[in-house]
Amino acid sequence: MKSPLVREAIIRLAVSEKYDSDPRVREIIRTLYHGCCAYCECKPEAGSSFEIEHFYIKKKGVYPEEYAKDIRNLHYSCKACNTKKSTNKADLFLSPNYRVDANGKWYDTPSSDIENSISYKDYLLVALNTDSGRGASTIAKLQLNDRPYLVESRIRSYSQVYKLLQATSEILGTYTRTQEDAPAKKKARIILFGLIKSYMSDDAEFSTMIIQNFGVQIEQLLKVWKKIK
Ligand SMILES: [Zn+2]
C-alpha cells in the first residue's frame with residue numbers, strides 16, 4: 001500500500017462521501033489493475049463496462065461499514081464479474097488483492113495462494129486441490145469457463161500467441177542456414193518477440209494464461225535469440 005497512487009486514493013476516499021463519488025479514485029483503481037478486470041483479466045472496455053467491485057460486499061450488517069471505502073477492498077471489475085459475484089460472501093472467492101484474516105487484519109494475498117488454487121489448462125481455468133475450495137467456487141460462481149465472450153477472447157489470444165511462437169521458432173531455426181537475408185530476419189524476429197511480449201504484459205488481457213501456458217517456451221526462444229543476434 002506504499003505507492004503514491006494508493007496514498008492519493010486513501011486521502012481522496014477519506015474526504016469522499018462515497019467510494020465512487022470521486023472520478024480520480026476510479027481512475028486510480030483502473031490504473032492499479034492495469035485496465036484489466038481483477039477476476040477474469042478481460043478488458044472491460046472490450047467486453048463490458050468498468051465497475052468498482054467490493055471484495056467484502058457492502059450489504060449492511062455483513063462486514064464492517066468502513067470496508068466500503070477502503071482501497072484494499074475496492075477492485076477494478078468488469079460488469080459481468082461484479083454481477084455474478086453479487087451479494088455472495090467473500091470466503092467463496094479468491095481475492096486478487098487483499099483479504100482480512102481471522103483477527104480482522106488486512107493482508108496482501110500472496111500470489112502463491114492464487115497459483116495453488118487456480119491454474120490454466122490451455123484456455124480453460126482449472127481448480128487445484130486446496131482445503132479452502134475457493135479456486136473451484138471462484139471459477140463456478142463467476143462462470144469463468146462458461147461465458148462465451150470470455151472464452152472466445154481467451155481462445156483468440158491463445159491461438160495468436162501459439163502462431164507467433166511457431167513463426168518465431170521457424171525463423172530462429174533457419175537463421176544459421178541462410179545468412180544472406182539476415183537483416184530481414186532480424187527485423188522479423190524483433191517484431192515477433194515484441195508481439196509475444198505484448199501478450200505477456202500486465203496490461204494485456206489474459207496475460208496470466210499466456211505466461212502459464214507459454215512462459216517456459218518463450219524464455220527458451222529468447223535465450224536462443226540472444227545467442228545468435
Ligand atoms: Zn471480469
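Trainee: Why is Ile-29 called buried?

Mentor: In this predicted model, Ile-29 has 23 other C-beta atoms within 10 Å. The word buried requires 20 or more, so Ile-29 qualifies.

Trainee: Where is Ile-29 placed, and which residues is it in contact with beyond its neighbours in sequence?

Mentor: Ile-29 sits in helix 2. Once neighbours within four places in sequence are left aside, Ile-29 is in contact with Ile-52, Leu-74 and Tyr-76. Ala-9 and Ile-29 are 20 residues apart in sequence, with 8.3 Å between their C-alpha atoms.

Trainee: How do you know that the buried residues of helix 2 line one face?

Mentor: The buried residues of helix 2 include Val-25, Ile-28 and Ile-29. Viewed down the helix axis, the buried residues of helix 2 stay within an arc of 100 degrees, so they line one face. An α-helix has 3.6 residues a turn, so residues three or four places apart point the same way.

Trainee: Which residues lie on the other side of helix 2, and what covers the buried ones?

Mentor: Pro-23, Arg-24 and Glu-27 are exposed on the other side. The cover over the buried residues of helix 2 includes helix 1 (4-15), strand 1 (50-54) and strand 2. After helix 2 comes His-34, with a positive phi near 55 degrees.

Trainee: What makes Cys-37 a buried residue?

Mentor: Cys-37 has 27 C-beta neighbours inside 10 Å. The count has to be 20 or more, and therefore Cys-37 is buried. Cys-37 lies in the loop between helix 2 and helix 3.

Trainee: Which residues does Cys-37 touch, leaving aside those within four places in sequence?

Mentor: Cys-37 is in contact with Cys-42, Pro-44, Tyr-76, Ser-77, Cys-78 and Cys-81. Lys-79 is 42 residues from Cys-37 in sequence, and their C-alpha atoms are 9.1 Å apart.

Trainee: How many residues does the largest nonpolar core have, and which have the most contacts inside it?

Mentor: That core has 24 residues. Ile-29, Cys-37, Tyr-39, Cys-40, Cys-42, Cys-78 and Cys-81 have the most contacts inside it. At least two residues of this core come from each of helix 2 (23-32), strand 2 (74-78) and helix 4 (79-85). There is also a second, separate core of 11 residues, with Leu-164, Leu-192, Phe-206 and Met-209 among them.

Trainee: Why does Phe-206 count as buried?

Mentor: Phe-206 has 24 other C-beta atoms within 10 Å. With the cut-off at 20 or more, Phe-206 is therefore buried. Phe-206 lies in the loop between helix 8 (182-200) and helix 9 (207-228). Its phi is near 60 degrees, a positive value in a residue other than glycine.

Trainee: What about Glu-41: why is that residue called buried?

Mentor: Glu-41 has 23 C-beta neighbours inside 10 Å. The threshold is 20 or more, so Glu-41 is buried. Glu-41 is in the loop between helix 2 and helix 3 (44-47). Though not a glycine, Glu-41 has a positive phi of about 70 degrees.

Trainee: How do you know that strand 5 and strand 6 pair?

Mentor: Strand 5 (residues 118-121) and strand 6 (residues 124-127) are joined over 4 bridges in the antiparallel sense. Pairing needs at least two bridges, so these strands pair. Lys-121 has Leu-124 of strand 6 as its bridge partner. The hairpin has 2 residues between the strands, and Asp-122 in it has a positive phi near 55 degrees.

Note on methods
Residues numbered from 1 in each chain as written. Predicted model: local features only at pLDDT ≥ 70, side-chain atom pairs only at ≥ 80, totals over all residues. Core = buried A, V, L, I, M, F, W, Y, C linked by C-beta atoms within 7 Å. Buried ≥ 20, exposed ≤ 12 C-beta atoms within 10 Å, placed from the backbone. Arc of directions from axis to C-beta. Contact = placed C-beta atoms within 7 Å.
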